[in-house]
Amino acid sequence: MITKFTMAALLATIAIIGTANAQRTKKFPETKAEIIINAHIDTAFNYIVPVDLSLIFKRYKRLPAVVKTDENEIWFKPGLTRTVYFDDGTTAKETLLTVEQCQSFTYKIEDFTSQLRFLAKRVEGNWQFTAMENGHTYIEWTYTIIPKNFITRFIIRHFILKDINGLLNNGLLIIKENLENEE
């Protein structure tokens, strides 16, 4: 027989489990930029992975431009790290996580010295490459921002994500122009 106490405990347990599952399944703020480039997939991939960040990250609204990095090796080997220097004097640490030749690569950005240090734990970047007909390449570039808490998640979603998307789209347009005018 179920008593009132047992029923209340059961309902409380279900509520706690439901809340925990809801918190785990809430998506982090994320933005994606996509483009089709008139370049063969291996050409696009081999240009983009080690690209000089100062060529593609120009100042966008409130977001600073990249001026340089301090890498010592060509940026192609998982595990490599580099410091990224921005035109406002701030820095961040970037680590290359995975490289799957002509398919994808991932990285994380953390240890921000900018105001982002108060909002985000890290940014996770993911590039996906798909070969298309006639030697074109479809590219998806996703940024996932891991916030410090639910308040900063709200701030990132509603005040920063749109600018980050603009920054990524500008970068893709620069890459497209550079690759398509190279030939």
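Author: Buried means under 20% relative accessible area. The model discussed here is predicted.

Reader: Why is T90 called buried?

Author: T90 has 13% relative accessibility. The cut-off is under 20%. T90 therefore counts as buried.

Reader: Where does T90 lie?

Author: T90 sits in a loop. β3 (81-86) comes on one side of that loop and β4 (91-100) on the other.

Reader: What makes the T90 and D88 side chains a polar contact?

Author: Their distance is 2.6 Å. A polar contact needs N or O atoms within 3.5 Å, so the pair of T90 and D88 qualifies.

Reader: Which residues does T90 touch, leaving out those up to four places away in sequence?

Author: V84, Y85, T113 and S114. V84 also has a bridge partner in β4, namely A92.

Reader: How do you know that β3 and β4 pair?

Author: Five bridges join β3 and β4, in the antiparallel sense. Pairing takes at least two bridges, so β3 and β4 meet the definition.

Reader: What makes β4 and β5 a pair?

Author: Seven bridges, again antiparallel, link β4 to β5 (residues 104-110). At least two are required, so β4 and β5 count as paired. One of the links is K93 with its bridge partner E110 in β5.

Reader: How many residues separate β4 and β5 in their hairpin?

Author: Three. C102, in the turn, has a positive phi of about 60°.

How values were computed
Residues numbered from 1 in each chain as written. Predicted model: local features only at pLDDT ≥ 70, side-chain atom pairs only at ≥ 80, totals over all residues. Heavy atoms only, no water. Helix = DSSP H or I, 4+ residues; strand = E, 2+ residues; numbered from the N terminus. Buried < 20%, exposed > 50% of the residue type's maximum accessible area, 1.4 Å probe, protein only. Polar contact = N/O pair within 3.5 Å; in protein donor to acceptor, adjacent residues only side chain to side chain. Contact = heavy atoms within 4.5 Å.
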